[in-house]
Amino acid sequence: MCYISEINGPSRNYCDEQNIEYPCVSGKKYYGRGPIQLSWNFNYGPAGKDIGFDGLNDPDIVARDNTIAFKTALWYWMNNCHSLITSGQGFGPTIRAIYGQFECDGGNPPAVARRIDYYTEYCHQLGVETGNNTSC
């Protein structure tokens, strides 16, 4: 929730060319944008369909429009993370759901450690338990 667009985002393009339901549009890049950094064509397409914007043809709208940005964050959370928390799986699986191989399974241990530290601090400030399974 710190950056509007992924650091070095324009140099990256998360395009799953095998995804025929939400194919990448030539010249468009699907790097992270918004509070949860929506990325990949297979997220921009359905998020746009559900929320009401053209995510494949205009992924930059997530960085330009605050309302759409927060709607995509809520969309991603409800579709990919909420059930992990409510089912008692813990914070760790949410890291995996959002960052997957880029951070988990040894992808970036310092980033995972920072996320756990932030999470632990926020829980402490709010007076709630961290629960089990805080790491991916």
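Is Q89 buried, partly exposed or exposed? Q89 counts as partly exposed, at 37% relative accessibility. Here buried means under 20% relative accessible area, exposed means over 50%, and partly exposed lies in between, with a 1.4 Å probe and protein chains only.

Before going on, note the ground rules. This is a predicted model, in which local features need pLDDT of at least 70, side-chain atom pairs count only at pLDDT 80 or more, and totals for chains, interfaces and linings use all residues. Residues are numbered from 1 along each chain as its sequence is written, and side-chain values use heavy atoms, with hydrogens and water left out.

**Stop 1: the whole chain**

Show the protein as a cartoon. There are 5 helices and 0 strands. The elements run α-α-α-α-α from the N terminus on. Helices (H or I, at least four residues) and strands (E, at least two) are DSSP runs, numbered from the N terminus.

The radius of gyration is 15 Å, close to the 14 Å that the globule rule gives for 136 residues, so the protein is as compact as a globular protein of that length. That radius is taken over C-alpha atoms, and the globule rule is 2.2 Å times the number of residues to the power 0.38. Along its principal axes, the C-alpha trace spans about 45 × 30 × 25 Å.

Of the 136 residues, 37% count as buried.

Colour by charge next. There are 10 positive and 14 negative side chains, and the centres of the two sets lie 5 Å apart. Lys and Arg count as positive and Asp and Glu as negative, while His and the chain ends are not counted. Each charge is placed at NZ of Lys, CZ of Arg, CG of Asp or CD of Glu.

**Stop 2: Q89 and its surroundings**

Select Q89. This residue lies in the loop between α3 and α4. Leaving out residues up to four places away in sequence, Q89 touches L84, N132 and N133. Contact means heavy atoms within 4.5 Å. Then draw a distance to P110. The C-alpha atoms of Q89 and P110 are separated by 22 Å, and the two residues are 21 apart along the chain.

**Stop 3: helix α4**

Move on to α4 (92-99). Which residues are buried in α4? G92, P93, T94 and I95 are buried there. The buried residues of α4 pack against α3 (66-86) and α5. After α4 comes G100, whose phi is positive, near 45°.

**Stop 4: T72 in α3**

Select T72, which is found in helix α3. T72 is buried, with a relative accessible area of 2%. Show its neighbours: T72 touches L38, I51, F53 and V62, not counting residues up to four places away in sequence.

**Stop 5: the disulfides**

Select the cysteines and show their sulfur atoms. How many disulfides are there? The count comes to 2 disulfides, each being a pair of cysteine sulfur atoms within 2.5 Å.

Zoom to C15 and C24. A disulfide joins them, S to S 1.9 Å. With 120° about the S-S bond, this link is right-handed. C24 is partly exposed, with a relative accessible area of 25%.

Now go to C104 and C136. Their sulfur atoms are 2.1 Å apart and form a disulfide. The link of C104 and C136 is left-handed, with -110° about the S-S bond. This pair links distant parts of the chain: C104 sits in the loop between α4 and α5 (109-126), C136 in the segment after α5, 32 residues apart. C104 is buried at 1% relative accessible area, whereas C136 is partly exposed at 27%.

Numbering the bonded cysteines in sequence order, the pairing is 1-2, 3-4.

**Stop 6**

Select C81. C81 is in no disulfide, and the nearest cysteine sulfur, that of C104, is 11 Å away. C81 is buried, with a relative accessible area of 0%.
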